[in-house]
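Here is a short briefing to read alongside the model. Have a look at the structure first, and then we can walk through it together.

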Protein chains: 2
Amino acid sequence: MKIAIAQLNPTIGNLSGNAQHILEAARQATQQGARLLLTPELSLCGYPPRDLLLNPGFVESMAQVLQQLAGDLPPNLAVLVGTVEPNPKGHVTGGKPLFNSIAWLEQGKIQQIFHKRLLPTYDVFDEYRYFEPGLQPNSFTLDHLRIGVTICEDLWNDEEFWGKRSYAVNPIADLAQLGVDLVVNLSASPYSVGKHHLREAMLRHSTVRYRQPSVYINQVGGNDDLIFDGSSFALNHAGEVVCRALRFETDLVLLEFDEEKRDLSPSATGENGGLAAFAASEDEEIWAALVLGVRDYARKCGFSKVTLGLSGGVDSALVAAIASAALGAENVFGVLMPSPYSSDHSVEDALKLAQKLGIATQTLAIGQLMQSYDQTLEHLFAGTSFGLAEENIQSRIRGNLLMAIANKFGYLLLSTGNKSEMAVGYCTLYGDMNGGLAVIADVPKTRVYSLCNWLNRNGEIIPTNILTKPPSAELKPGQVDQDSLPSYDILDDILQRLIHEHQSTAQIIEAGHDPVVVNKVMQLVARAEFKRRQAPPGLKITDRAFGTGWRMPIASRWSAIA
Amino acid sequence: MKIAIAQLNPTIGNLSGNAQHILEAARQATQQGARLLLTPELSLCGYPPRDLLLNPGFVESMAQVLQQLAGDLPPNLAVLVGTVEPNPKGHVTGGKPLFNSIAWLEQGKIQQIFHKRLLPTYDVFDEYRYFEPGLQPNSFTLDHLRIGVTICEDLWNDEEFWGKRSYAVNPIADLAQLGVDLVVNLSASPYSVGKHHLREAMLRHSTVRYRQPSVYINQVGGNDDLIFDGSSFALNHAGEVVCRALRFETDLVLLEFDEEKRDLSPSATGENGGLAAFAASEDEEIWAALVLGVRDYARKCGFSKVTLGLSGGVDSALVAAIASAALGAENVFGVLMPSPYSSDHSVEDALKLAQKLGIATQTLAIGQLMQSYDQTLEHLFAGTSFGLAEENIQSRIRGNLLMAIANKFGYLLLSTGNKSEMAVGYCTLYGDMNGGLAVIADVPKTRVYSLCNWLNRNGEIIPTNILTKPPSAELKPGQVDQDSLPSYDILDDILQRLIHEHQSTAQIIEAGHDPVVVNKVMQLVARAEFKRRQAPPGLKITDRAFGTGWRMPIASRWSAIA
């Protein structure tokens with residue numbers, strides 16, 4: 001039996017558009033002789049639909065579009081489509097009103113509905129807000145092939161693999177007990193660095209443990225802060241990879257289930273024998289993720305062009321390069337806004353970068369505006385000395401100019417702050433934080449450098465001077481970041497321990513960091529919460545990003561996370 | 001037996017400070033002869049602690065502070081304290097690592113721990129993110145009095161009262177089956193208009209249905225966007241109110257349980273015989289809520305003074321009045337920033353308001369700054385005509401000036417946008433949306449007027465001209481809001497149906513609204529999502545506020561909620 005994987009890139013809520021993509025994949029799959037087509041979790045509405053699910057009209061529309069799709073699909077192709085289903089007895093038994101479901105469509109009809117059993121409620125996931133868990137193992141028989149159906153999190157509870165249980169039941173074990181020929185897992189699993197290795201190792205463990213060949217289908221594409229990497233794959237009985245779909249791109253992959261051997265056959269189709277290559281390095285992988293994230297956010301919000309401030313620093317240089325790769329250099333507009341405190345090299349470096357990338361720029365000196373603010377505030381600020389207020393004014397002048405350009409020409413403004421800055425608040429709210437999308441908000445400063453160096457591996461794209469000069473906000477004469485912050489390798493190590501490893505102050509100090517520095521960083525992180533709350537969505541590339549998966553109180557006396 | 005209710009106002013994460021408040025209440029209760037002291041849900045850390053709970057160090061500190069508190073308390077007073085408890089078998093059975101718990105402290109020790117059974121995962125609540133539900137009914141015996149312990153949501157699942165079940169079990173019914181003399185409910189239930197009536201009606205229903213006298217204890221105070229109104233109360237067997245604590249204030253209330261009648265006795269202590277009065281109107285109630293929200297946000301963030309822009313319009317007038325009531329007029333600094341498009345009455349009205357309130361002001365004309373921006377952008381904007389970009393520049397100049405003042409003098413900036421504006425995006429991101437707290441972001445424009453009229457009930461505080469002139473953003477000559485928007489009574493009715501009643505476009509049109517207007521509003525609401533995502537926390541006064549309980553995708557093709 002030929003099985004096709006449709007690694008799709010839905011737009012949230014665009015039900016008819018998403019259905020159209022499923023239909024196109026189905027036609028292509030039929031042409032290639034497939035009997036079964038697999039699509040990602042919630043493929044009809046896209047993942048995550050969030051509070052759109054609270055609207056009864058939205059849920060009704062999904063049901064209608066699903067029925068219509070069932071009728072439009074090639075009748076002899078079985079298609080698994082991700083959708084939501086009402087929980088008819090919820091108000092009687094005390095359950096949530098919806099299930100996160102998979103519909104098996106065939107012969108113009110919905111043949112069967114399967115419900116997701118394990119509902120994640122950590123990090124960015126809020127599934128218990130909307131869904132009731134399914135209680136039964138899900139399977140169906142297609143031409144004598146018994147197929148177990150699992151949805152995303154259903155796979156993530158093997159107590160042997162994790163060394164603990166996260167949920168009371170393990171749907172994979174339940175399917176093994178039932179006895180199935182094949183397990184499919186229909187997912188919408190957001191990207192983080194190296195997560196595809198984790199997914200393969202986890203599924204391999206289950207596959208070998210329960211001797212069930214397995215197919216893993218993932219959504220691809222950027223949806224607000226989340227990037228889905230695709231990276232669908234399949235494993236035979238022995239846990240060997242029989243196919244890997246493309247990473248960060250839509251794909252349609254064909255698999256063969258050998259009905260005599262009762263196993264998936266090695267694929268021989270496509271490039272690399274159906275085995276798409278992994279990235280050669282973490283930098284290459286993160287780069288691909290961020291390019292996709294920018295491209296999809298712009299496209300799905302209806303923007304074709306973006307703008308950003310070019311300071312001559314490394315952050316804006318990286319974002320300009322990502323944007324150029326995502327949308328084409330001709331769709332990126334760089335704005336240089338030197339002040340009297342800007343060093344000569346800032347403008348030179350920014351112009352050289354723009355030239356390397358081939359993007360258009362405009363230079364708008366802000367000295368006159370700074371004077372106007374000084375004059376306007378002269379009386380009120382009389383007797384005070386130059387400080388943070390004056391530094392922030394400059395950043396906010398630039399933020400205002402960038403938004404004016406974005407508003408005037410219909411561009412999307414990209415903000416360029418990195419994760420280290422966002423963590424300690426070394427950024428100006430309503431200034432350099434301005435933007436519709438914070439491209440590198442989850443990229444620590446040390447990673448910003450390594451991405452730039454990776455980008456330069458075959459020749460200079462980011463001008464070398466940008467990478468070698470000391471980082472500076474240039475908001476007062478002679479300022480460098482390390483006047484206010486520890487060196488970035490130390491800062492990033494502290495932040496990694498604090499944010500990702502949930503270490504306490506004592507533990508971080510024990511690891512060899514200076515107590516004074518650690519305590520200062522802790523305080524800075526806590527105090528910057530009000531800025532992060534008002535930040536634009538930032539593309540998530542780690543297992544703990546600021547944003548929808550980071551829910552901290554602002555008016556709090558606990559030193560952040562220490 | 002004398003029972004005391006400590007209606008406390010904790011600061012999130014301030015464990016030792018919150019413990020100190022519990023200790024003080026305990027000493028006072030002991031002096032008054034109490035045998036039992038009740039405190040709100042999570043009274044040790046404050047509600048909601050959010051992702052602080054993901055930090056093991058935080059949870060360990062709570063355990064230490066709880067032990068310390070047990071030792072410090074008067075030994076013969078039984079005290080119920082809200083805390084979290086590790087779920088020791090969670091990793092084996094597949095549960096979340098914590099319980100939302102109540103500790104019974106007495107004789108220097110933790111006598112018993114009770115776990116919350118029903119965990120809300122709707123609106124602003126994320127309890128399944130952190131907690132495992134308790135499985136057993138909770139009760140203990142104190143001097144022959146059998147007391148059933150429930151925590152907040154445990155009370156909210158009476159299928160008779162609601163006409164449906166939200167959870168499979170009803171902890172109140174379970175306690176009735178066990179047979180208890182008294183049910184206590186320790187809550188942290190956020191305010192929304194009229195919610196105290198709902199709570200009393202709901203508890204009365206359970207009390208009468210199961211013939212169990214009941215005590216309801218609620219947290220009080222503002223924590224970021226959430227305002228807790230207190231409004232603790234108790235009902236005897238017959239469902240009669242025997243005491244009501246103050247609303248929007250801390251309180252310590254004493255109750256008497258008559259051990260012969262096995263019922264709560266009518267209280268005779270305090271003003272009004274222990275029955276604090278309700279507000280005379282919804283406006284009075286909302287006013288009190290907002291005053292508390294501003295006072296606590298400022299205090300808990302460490303600000304004593306606030307600033308805001310005074311446009312001469314009704315929104316900033318109301319916010320100035322609220323801030324003056326919250327912090328004292330001497331701690332409010334109003335900034336007038338007229339432009340060449342400002343009408344004469346704007347400055348006059350704003351100054352008159354400031355005079356009525358007794359707040360200091362400064363006038364900073366922005367004409368020169370507007371010219372500086374025009375000159376800076378002259379070349380780039382050549383050939384384009386005045387439009388939204390130029391309007392937004394003005395708003396962002398004001399936002400920059402206000403933040404400069406806030407930064408310079410250490411003031412908290414209050415933003416003044418109302419809910420109607422936030423819904424349709426009639427506000428400027430990084431401009432008038434700037435601020436640490438959005439005071440009236442959950443107050444529809446029609447309610448803004450009614451609050452101002454209420455405020456003027458005994459004489460003019462908000463100058464009449466502010467209430468009678470047509471609302472205008474004054475960002476271009478002769479502009480009024482109704483150039484771009486339907487009249488506010490129509491807009492607010494559409495928004496009420498859309499946001500609170502989850503009605504579809506078709507239903508709203510059926511209710512008598514113009515289809516063109518409805519569709520336009522739907523589109524505006526959808527398109528403004530990116531602005532709302534970057535808004536400051538807004539004080540929640542309705543059952544559905546934008547903010548932590550509103551989780552919408554941005555890059556989406558579904559027309560918002562229609």
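Is A:Glu127 buried or exposed? A:Glu127 has a relative accessibility of 2%, and because that is under 20%, A:Glu127 counts as buried. Please keep in mind that this is a predicted model.

**Around A:Glu127**

- A:Glu127 sits in a loop of chain A that runs between strand S5 (109–115) and strand S6 (139–142).
- Setting aside residues up to four places away in sequence, A:Glu127 touches A:Glu41, A:Tyr47, A:Asn100, A:Lys116, A:Leu119, A:Pro120 and A:Thr121.
- One of these partners, A:Tyr47, also takes part in a cis peptide bond with A:Pro48.

**Where chain A meets chain B**

- Each chain has its share in the contact: 94 residues come from chain A and 94 residues from chain B.
- Interface size is often quoted as the accessible area lost when the parts come together.
- For chain A and chain B the buried area is about 8200 Å², with 55% of it on carbon and sulfur atoms.
- On the chain A side, the residues that lose the most area to chain B are A:Lys408, A:Arg551 and A:Trp558, which together make up 9% of what that side buries.
- The rule finds 8 salt bridges across the interface of chain A and chain B.
- A:Arg533 and B:Asp224 meet through their side chains in a salt bridge, at 3.5 Å from N to O.
- Polar contacts across the interface of chain A and chain B come to 49 residue pairs, with both residues at pLDDT 80 or more.
- On the side of chain A that touches chain B, the elements giving two or more residues are helix H2 (56–72), helix H3 (90–93), helix H7 (282–301), helix H10 (367–377) and helix H11 (388–409) of chain A.
- H11(A) gives the most to that side, with 14 residues.
- By residue type, the side of chain A that touches chain B divides into 44 nonpolar, 32 polar and 18 charged residues.

**The nonpolar core**

- In soluble globular proteins, nonpolar side chains tend to be buried together.
- Here the largest nonpolar core has 186 residues, and A:Leu37 and B:Leu37 are those with the most contacts inside it.
- Leaving aside neighbours within four places in sequence, B:Leu37 is in contact with several residues of chain B, among them B:Ile22, B:Leu77, B:Val79, B:Leu80 and B:Leu252.
- The contacts of B:Leu37 also include a number of alanines, such as B:Ala4, B:Ala6, B:Ala25, B:Ala26, B:Ala29 and B:Ala78.

**Backbone details worth a look**

- In chain A, the peptide bond from A:Tyr47 to A:Pro48 is cis, with omega near 0°, and A:Pro48 lies in the loop between strand S2 (36–38) and H2.
- In chain B, a cis peptide bond joins B:Tyr47 and B:Pro48, with omega about 0°, and B:Pro48 lies in the loop between strand S2 (36–38) and helix H2 (56–72).
- B:Phe248 is a residue other than glycine with a positive phi, near 65°.
- B:Phe248 lies in the loop between strand S13 (241–244) and strand S14 (251–258) of chain B, and with a relative accessible area of 8% B:Phe248 is buried.
- B:Tyr430, also not a glycine, has a positive phi near 70°.
- The loop that holds B:Tyr430 lies between helix H12 (419–424) and strand S20 (437–438) of chain B, and B:Tyr430 is buried at a relative accessible area of 5%.

Notes
Residues numbered from 1 in each chain as written. Chains lettered and ligands numbered in written order. Heavy atoms only, no water. Contact = heavy atoms within 4.5 Å. Buried area = accessible area lost by both parts, 1.4 Å probe. Salt bridge = Lys/Arg side-chain N within 4 Å of Asp/Glu carboxyl O. Polar contact = N/O pair within 3.5 Å; in protein donor to acceptor, adjacent residues only side chain to side chain. Helix = DSSP H or I, 4+ residues; strand = E, 2+ residues; numbered from the N terminus. Nonpolar A, V, L, I, M, F, W, Y, C, P; charged D, E, K, R; others polar. Core = buried A, V, L, I, M, F, W, Y, C linked by side-chain atoms within 4.5 Å. Buried < 20%, exposed > 50% of the residue type's maximum accessible area, 1.4 Å probe, protein only.
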